[in-house]
Amino acid sequence: MESRARVLLLSALLLTLSGCASLHWPWSRDRDKAAAEEPVSAADEEAANNAPPPKVIEPTVERRKVKVNKIDSENIELGGFYGALSIEDFGTNPVYGIRADYHVTEDIFFEANFGRSKAGRTSFETLGGNVQLLTDAERRFTYYNLSLGYNLLPGEVYIGRNLAMNSALYVLGGIGSAKFAGDQRFTVNFGAGYRVLPTDWLAIHIDVQDVVFQSDLLGRDKLTNNFAAHLGATVFF
Amino acid sequence: MVRSTSTTRSIPLFRSTSVLVVTWLALAFCIAGAAHAADKSEKLQELFVSEAYLELHEGPGRGYAVTQVVPRGEAIDVLYRRTEWFRVRTHRGVEGWAHQRDMRKTLLADGSTFTFDLGDRAGFTRHNWEMGVLAGDYGGATLVSTYLSRAFNEQMAIEFTGSQFLGNATNGYTAELGLIHVARPDWRLSPFLTLGAGMIWIKPKSTLVLPSDRDDQTAYAGAGLRFYVTRRFFVRAEYRFHMVFTSRNENEEINEWKAGLAFFF
């Protein structure tokens with residue numbers, strides 16, 4: 001009984017003693033203050049900052065110098081087309097030509113095309129017998145258009161179960177010129193087209209454009225509408 | 001009204017259009033074939049995904065479905081780029097299109113970020129190439145004009161301009177090579193000065209009595225404005241004063257005004 005009481009008292013004493021260390025006794029206040037006010041020299045601090053951090057793992061691999069390879073940009077489409085051109089008053093005739101596109105953003109592209117066709121006979125010539133309004137050379141119709149296009153409806157088309165191809169319905173409009181009947185005229189063109197990409201680098205185009213220009217060929221000055229429908233193929237670069 | 005028959009002559013280029021078309025197509029397919037063959041032999045750029053994942057779209061457009069994701073830390077190879085999209089391939093062989101916004105967050109093998117030309121306002125200030133189509137007035141004739149320019153630095157560039165003018169009395173072409181100096185490329189609306197020389201081919205209309213074509217040398221000085229619109233596009237408007245050195249006693253002066261849309265790359 002006695003020994004149990006002694007253990008209890010000794011334990012209590014031990015607990016209080018450990019607590020005493022954290023108390024600020026009046027006689028130890030000066031010493032605390034001195035410790036707080038002891039100046040740490042700037043040099044020491046700097047040295048501490050500059051000291052290498054404790055090494056955990058020694059890197060044995062040299063840091064690789066990486067050169068960025070040139071990334072191929074495939075924004076240009078080059079190709080050709082074949083189709084029909086309806087020259088106002090001169091009938092519908094085959095047209096063929098070349099086209100080049102530059103895709104500036106995913107939505108907008110520039111297009112340049114150059115086409116050639118040959119005009120037929122006007123109904124006046126057909127009915128009039130031996131009347132010739134134009135020579136053979138003058139019937140040649142050559143034109144170029146510089147257009148700005150917008151991919152209005154980008155999407156995908158599916159053929160069967162296993163084939164999905166990217167596509168886009170685009171609208172375009174621009175300026176250019178047409179050489180016809182011995183004269184070169186300023187033209188304005190606008191239209192729409194459909195592009196399907198069987199692979200990433202090949203595109204099939206169907207497009208319809210109206211090439212408009214002022215003409216006084218048949219006596220009075222008028223705005224002529226010349227519709228062209230093209231089927232084309234282009235390759236991306 | 002029956003047109004005269006003897007005055008028109010076709011330009012040789014037009015006469016050989018079919019040859020041109022065939023050559024063009026053959027060239028197109030050859031270059032394409034060569035380019036794709038070269039693609040395979042070239043070393044592809046390897047990048048590492050540093051975000052939680054990288055989305056791969058089915059096509060190079062914002063609307064195409066995301067069909068694959070590449071998790072953080074995995075490596076991808078960049079095959080090629082089309083506008084703002086990169087065609088990439090994972091090491092498991094999965095291919096897809098990643099947007100440039102996401103590609104900016106990928107890392108090179110040394111841990112540095114992958115940087116590339118974004119086609120934004122900074123690109124308007126500094127770029128290598130520039131191209132545009134303009135329309136306007138060339139001494140009273142309607143003008144269709146294109147140009148291509150190559151920059152030396154932010155302010156100076158050399159540019160080639162090819163134009164066609166279509167007037168009441170004459171038609172013709174011009175080809176000019178000149179220097180352009182952009183005063184403040186960092187401004188959204190930036191003025192520029194230009195100076196150059198070239199050639200002009202004047203073809204009188206068949207209905208007129210003037211017998212022959214003329215080709216003369218020209219020199220020009222001009223000034224204009226460029227205004228950055230968005231992405232890679234800017235509007236360009238300019239005035240050029242041309243001096244045509246004719247074979248006659250007097251030189252000819254032509255004023256050219258034009259405006260149009262251009263882009264840099």
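1. Overall scores. The prediction carries an ipTM of 0.81 and a pTM of 0.77. Chain B has a mean pLDDT of 86, and 84% of its residues reach 70 or more.

2. Helix 1 of chain B, residues 12-15, has the lowest mean pLDDT among the elements of that chain, at 47. Strand 10 of chain B sits at the other end, with the highest mean, 96. Over residues 1-15 of chain B, pLDDT stays under 50. The model still gives that stretch 19 contacts beyond four places in sequence. Where pLDDT is low, the predicted coordinates should not be read in detail.

3. Chain A, composition. Chain A has four helices and eight strands. Along the sequence the order is α-α-α-β-β-β-α-β-β-β-β-β. Of its 237 residues, 32% count as buried. Residues 24 or more positions apart supply 52% of the chain A contacts that have a separation of 6 or more.

4. Chain A, barrel. Eight strands of chain A form a closed barrel in the order 1-2-3-4-5-6-7-8, with antiparallel pairing. Neighbouring strands of this sheet are turned by 25° against each other on average, direction ignored. One of the pairings joins strand 2 (residues 92-103) to strand 3 (residues 108-118) of chain A. These two run antiparallel and share nine bridges. Within this pairing, A:Gly97 has A:Gly115 in strand 3 of chain A as its bridge partner.

5. A backbone point in chain A. A:Ala181 is not a glycine, yet its phi is positive, about 55°. The residue lies in the loop between strand 5 (163-180) and strand 6 (183-197) of chain A. Is A:Ala181 buried or exposed? A:Ala181 counts as buried because it has 23 C-beta neighbours inside 10 Å, and the cut-off for burial is 20 or more.

6. Chain B has four helices and 15 strands. Buried residues make up 29% of its 265 residues. Of the chain B contacts between residues at least 6 apart in sequence, 46% join residues at least 24 apart. The chain is divided into domain 1 (41-116) and domain 2 (123-264). The C-alpha centres of these two domains of chain B lie 41 Å apart.

7. Chain B, barrel. A closed barrel of eight strands runs 8-9-10-11-12-13-14-15 in chain B, again with antiparallel pairing. Its twist averages 25° from one strand to the next. Strand 10 (residues 156-166) and strand 11 (residues 170-182) of chain B run antiparallel and are joined by eleven bridges. B:Gln164 has B:Tyr173 in strand 11 of chain B as its bridge partner.

8. Strand 1 (residues 45-49) and strand 4 (residues 75-82) of chain B pair in the antiparallel sense over four bridges. B:Gln45 stands opposite B:Val78 in strand 4 of chain B. Strand 4 of chain B also pairs with strand 5 (residues 85-90) of chain B, antiparallel, over six bridges.

9. The hairpin of strands 4 and 5 in chain B. Two residues lie between the strands. One backbone value deserves a look: B:Thr83 has a positive phi near 45°, in a residue other than glycine. B:Thr83 is in the loop between strand 4 and strand 5 of chain B. What is the burial state of B:Thr83? With 22 C-beta neighbours inside 10 Å, B:Thr83 counts as buried.

10. Nonpolar cores. In soluble globular proteins, nonpolar side chains tend to be buried together. Here the largest nonpolar core has 39 residues. A:Phe141, A:Ala178 and B:Val144 touch the most other members, and they come from both chains. A second, separate core of 15 residues includes B:Val49, B:Leu54, B:Leu79 and B:Val88.

11. Around B:Val144. Which residues does B:Val144 contact, leaving aside neighbours within four places in sequence? From chain A there are A:Leu146, A:Ile175, A:Gly176, A:Ser177 and A:Phe186. From chain B there are B:Ala135, B:Ser163 and B:Gln164. B:Gln164 is the residue whose bridge partner in strand 11 of chain B is B:Tyr173.

Key:
Residues numbered from 1 in each chain as written. Chains lettered and ligands numbered in written order. Predicted model: local features only at pLDDT ≥ 70, side-chain atom pairs only at ≥ 80, totals over all residues. Pairing = 2+ DSSP bridges. Axes fitted to C-alpha atoms, helices over the stretch in contact; angles between N-to-C directions. Domains from an automatic or database assignment. Core = buried A, V, L, I, M, F, W, Y, C linked by C-beta atoms within 7 Å. Buried ≥ 20, exposed ≤ 12 C-beta atoms within 10 Å, placed from the backbone. Contact = placed C-beta atoms within 7 Å. pLDDT = per-residue confidence, 0-100.
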